[in-house]
Amino acid sequence: MTRVSPADQLSIALPKGRLEVRAVELLRSRGYDITVPDRQLVAEDTDGRVRVMLVKNSDLPTYVYHGIAGLGICGTDVIYESGYEFFRLLELPFGHTRMCLASRTDHDPEQDTGRLRVASKYTRFARDYFQERGIPCEIIKLAGSVELAPVLGLAPYIVDLVETGNTLIANNLHVVKELEEIKVVLIANPAYYKFHYKSIDALVDTLREGRA
Ligand code: PRP
């Protein structure tokens, strides 16, 4: 295939790490010949149809909101935390997880008095979840390794993503309640979509149906 003109090239932000690998695999399986060399943060497929940018997971909505990338592949958890609205074009067949309330297995809920003390990376989600249900809470923001909070006594509860559950088990924690199913979706900056809808719709069809 000849290279597409730069005006028809689509820009896609991918989150570095686990989802990046799955997203690049998906593009490759659909005929986009793309390789991202180690430590390189921007790459194109050989036909120039797509340009991918590898960004930090939590920064991805910011790049798409500001139109630096027109499209993005991102978890609904991260989109919610950003507070931004996007067009959600397609749910992708990987990366499903659960947002859960968890505690130490030996925690006695009878000890909970007053406000629920919860540590989380997902403070917007956690605050809104409990407020909407009229449950008084104190949310403590952490940047990572949230499972440490109940182990070290910072907070009896965490709100965090659970995928395999192995991290909880390894730290003597358990799921108290599943709060929401988290999906990975293809998002678009609305203005970018209006200018590139033909190419974007073709990409969505390709990703959905498995043909390039
Ligand atoms: C996520 C999440 C849990 C873990 C759950 O953390 O916040 O810690 O994965 O996965 P599991 O149920 O399969 O064990 P991540 O790997 O993104 O690292 P972080 O805690 O440092 O943010």
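Ala, Val, Leu, Ile, Met, Phe, Trp, Tyr, Cys and Pro count here as nonpolar, Asp, Glu, Lys and Arg as charged, and the others, Gly among them, as polar. The model is predicted, so local features need pLDDT of at least 70 and side-chain atom pairs count only at pLDDT 80 or more, while totals for chains, interfaces and linings use all residues. Residues are numbered from 1 along each chain as its sequence is written, and side-chain values use heavy atoms, with hydrogens and water left out.

**Stop 1: the ligand and its shell**

Select the ligand, then the residues around it: R18, K121, S145, E147, D160, L161, V162, E163, T164, G165, N166 and T167. Colour the shell by type: two residues are nonpolar, five are polar and five are charged.

Next, show secondary structure; helices (H or I, at least four residues) and strands (E, at least two) are DSSP runs, numbered from the N terminus. Which elements each supply at least two residues of the shell? They are β9 (157-162) and α6 (166-170). The largest share, three residues, comes from β9.

**Stop 2: atoms next to the ligand**

Show the side chain of R18, where a polar atom lies 2.9 Å from an oxygen atom of the ligand. For D160, an N or O atom in the side chain is 2.9 Å from a ligand oxygen. At T164 the corresponding distance, from a side-chain N or O atom to an oxygen of the ligand, is 2.5 Å. Taken alone, the ligand exposes 490 Å², and the protein buries 71% of that; these accessible areas come from the Shrake-Rupley method with a 1.4 Å probe.

**Stop 3: L27**

Select L27 in helix α1 (residues 18-29). Is L27 buried or exposed? Its relative accessibility is 2%, so L27 counts as buried (under 20% relative accessible area; exposed is over 50%, partly exposed in between, with a 1.4 Å probe and protein chains only).

**Stop 4: A102**

Move to A102 in strand β6 (residues 97-104). A102 is buried, with a relative accessible area of 2%. Draw a line from its C-alpha atom to that of Y65: the residues are 37 apart along the chain, and the atoms are separated by 32 Å.

**Stop 5: R49**

Finish at R49, in the loop between β2 (42-44) and β3 (50-55). R49 is buried, at 14% relative accessible area. A polar atom of its side chain lies 3.1 Å from the backbone oxygen of G31.

Note on methods. A residue is near a molecule or strand if one of its heavy atoms lies within 4 Å of it. A polar contact is a pair of N or O atoms within 3.5 Å; within protein, one must be able to donate a hydrogen and the other to accept it, and residues adjacent in sequence count only if both atoms are side-chain atoms.
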